[in-house]
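Please keep the sequence and the structure in view while reading.

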Amino acid sequence: MEKTRQKSLQGFFDRPASCAAWPAALSEGMTQHDRLLIIDFGSQVTQLIARRLRELNVYCEIHPFQNVTPDFLADFAPKAVILSGGPASVIDAGSPRPPEAVFDLGVPVLGICYGQQVMMEMLGGKVERGDGTAEFGRAYVTPAAERLDLLNGWFAENREQVWMSHGDHVSRIAPGFRVFGTSPNAPFAITADTDRHFYAVQFHPEVHHTPNGKMLYENFVKAAGFTGDWTMGAYREEAIRLIREQVGDKKVICALSGGVDSSVAAVLLHEAIGDQLTCVFVDHGLLRLGEAEQVVGMFREHYNLPLIHADETELFLSALDGVSDPETKRKIIGGLFIDVFQKYANDIEGAEFLAQGTLYPDVIESVSFSGGPSVTIKSHHNVGGLPEKMGLKLVEPLRELFKDEVRALGHELGLPASFIGRHPFPGPGLAIRCPGEITREKLEILRKADAVFIDQIRRHGLYDEIWQAFVAILPVRTVGVMGDGRTYDFACALRAVTSVDGMTADYYPFTHDFLGETATRIINEVKGINRVTYDITSKPPGTIEWE
């Protein structure tokens, strides 16, 4: 049993404007690859299954269970199927089910948590309510007497740590299945019908807390006969072909934020269609120190890429003057971005396509598992309204990729390693690192403090160990003493987190020596700050950004 998944928080340049984008169905362009289908029943960690498989060079797609019909299965022609976890109970009337045809494909099937339970229920087993058999968190599975190829490399110490998250439990396995692993509250923790290559586990092998989980997936795809033909070199060639087929001789405009996603998309598009592409870089005056110059210089000088630098600092900062509510800030920035982008794009005669750096997690999260509403934690500022307003068609050449794959593609395209490895930066920029009202004075102080903090992290060789690091300037002034004088300046908070995907995060454990040295540098080098704090809040309960 799991909580219903919430949408993750992305910048406003990197969300899909429509699900029906490039290509209309992801698999249309990928027919030459062996494909694995993940049927999603609403687990919070379904994306991690796909990430593990992509790391094994296996092409896979996630589709909500309600979209997987017998006709879909026939068209998709998967070489293997994985049934994800989910928050429902198979005992309840109307609980989610895959089509019966899944078990008639003649391909290996792996059921995980809810996927195991629905597999047992549909194939003749039985699932019962918890009644003291629930397991949540770390557990240990021990092997049964028989050996299973799916578990090659497991049980070196006669037990394996796994991550459980279930209330219901399998009380009788389906005919043809045997037991290969047990835990204290899950006597059928690992089961399999080896004749039909059906496998089922009660735990989550995709999460970090199942240390050898990736090995289980590796054994599964090996048993299914995957050759590991999904590489960024191959993807680059196929993406270029698909872009050319979709665009033809028409012109494309690209919303370039200067972040990794939109930058990789721009370079890939330029390689495919050359001068048919024009990028629009909207500079809202909320970027880091020297960032606008770096982005413009890299694309104009190193890639000779047609680029419009739309410096609209005054427009944005005037509109934000006196605004302190974080949601209002985001809406102002997002709305102005659309207006500015449209103004410059209208000057590009003959443009028929809008390019965006949409990623696969964005595509997945744009489809609700249950069809119900999702909780809004923060507004997503994207260019979602542009295609309708401008009459443009979308081209989204990264919409099949996860973030780590985008970085790999960036390396393949020759982008500088220092640029590809940059920490994420939010679309609203420094506005959400400046709680309270935004002023030009506070922005200049914040830019300088942030530059010192990042410089410290790089000097100590810690940059690549950290997912994201930044400074937030606090909406308070504090008393201090500098020399023989009294000061009344701003306080700031340092924030640095480790994460795998940004969905959860923990603070980075800097040494006290590092923090002391960094605080001294900021106070000495940045006029306007006299107090430095370090934010040690994890996500959840906090978010990575301050607003």
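Does phenylalanine 203 count as buried or exposed? In this predicted model, phenylalanine 203 counts as buried, at a relative accessibility of 0%.

**Overall content**

The protein chain contains 15 helices and 20 strands, and buried residues account for 59% of its 547 residues. Among the contacts in the chain with a separation of 6 or more, 79% are made by residues 24 or more positions apart.

**Aromatic pairs**

A pair of aromatic rings is described by the distance of the centres and the angle of the planes. The count of aromatic pairs comes to 16, including one formed by phenylalanine 41 and phenylalanine 65, which is stacked, at 5.8 Å centre to centre and with 20° between the planes. Phenylalanine 41 belongs to the loop between β1 (35-40) and α1 (46-55), and phenylalanine 65 to the loop between β2 (59-64) and α2 (70-76), so this pair ties together parts that are 24 residues apart in sequence. Phenylalanine 41 is buried, with a relative accessible area of 0%, and phenylalanine 65 is buried too, with a relative accessible area of 19%; because the cut-off for buried is under 20%, the value of 19% falls within that class.

Tryptophan 154 and phenylalanine 203 also form a stacked pair, with 5.8 Å centre to centre and 25° between the planes. This pair links distant parts of the chain, since tryptophan 154 lies in the loop between β6 (135-143) and β7 (160-166) and phenylalanine 203 in the loop between β11 (198-201) and α4 (213-224), 49 residues apart. Tryptophan 154 is buried, with a relative accessible area of 7%. Elsewhere, Phe453, Tyr507, Tyr508, Phe510, Phe514 and Tyr534 form one aromatic cluster.

Aromatic rings also meet charged side chains: lysine 79 lies over the face of phenylalanine 226, at 5.9 Å from the ring centre, and arginine 458 lies over the face of tyrosine 463, at 3.8 Å from the ring centre.

**Helix packing and helix burial**

Two packed helices are described by the angle between their axes and the distance between the axes. Helix α5 (residues 232-247) packs with helix α12 (residues 403-412) at an angle of about 80°, and the axes are 9 Å apart. With angles of 65 to 115 degrees counting as roughly perpendicular, α5 is therefore roughly perpendicular to α12. On the α5 side the contact involves Met232, Gly233, Tyr235 and Arg236, which meet Glu405, Ala408, Leu409 and Glu412 of α12. The residues of this contact divide into 4 nonpolar, 1 polar and 3 charged.

Helix α1 is mostly covered, with 9 of its 10 residues buried; among the buried residues are Arg51, Arg52 and Arg54, along with Leu48, Ile49 and Leu53. In helix α6 (residues 260-273) lies serine 262, which is buried with a relative accessible area of 0%. The C-alpha atoms of serine 262 and alanine 355, 93 residues apart along the chain, are separated by 8.6 Å.

**Loops and backbone features**

Proline 416 is found in the loop between α12 and α13 (417-420) and, at 33% relative accessibility, counts as partly exposed. Leaving aside residues up to four places away in sequence, proline 416 touches Met298 and Tyr303. The C-alpha atoms of proline 416 and methionine 298, 118 residues apart along the chain, are separated by 9.7 Å.

Asparagine 158 has its place in the loop between β6 and β7. The table lists the phi values of these residues, each positive in a residue other than glycine.

| Residue | Phi |
|---|---|
| Asparagine 57 | near 65° |
| Asparagine 158 | near 70° |

Proline 540 lies in the segment after β20 (529-534), and proline 541 also lies in the segment after β20. The peptide bond from lysine 539 to proline 540 is cis, with omega near -15°, and a cis peptide bond likewise joins proline 540 and proline 541, with omega about 15°.

Note on methods:
Residues numbered from 1 in each chain as written. Heavy atoms only, no water. Phe/Tyr/Trp six-rings, centres within 6.5 Å; stacked < 30°, edge-to-face > 60°. Helix = DSSP H or I, 4+ residues; strand = E, 2+ residues; numbered from the N terminus. Buried < 20%, exposed > 50% of the residue type's maximum accessible area, 1.4 Å probe, protein only. Lys NZ or Arg CZ within 6 Å of the ring centre and 35° of its normal. Axes fitted to C-alpha atoms, helices over the stretch in contact; angles between N-to-C directions. Parallel < 35°, antiparallel > 145°, perpendicular 65-115°, else oblique. Contact = heavy atoms within 4.5 Å. Nonpolar A, V, L, I, M, F, W, Y, C, P; charged D, E, K, R; others polar.
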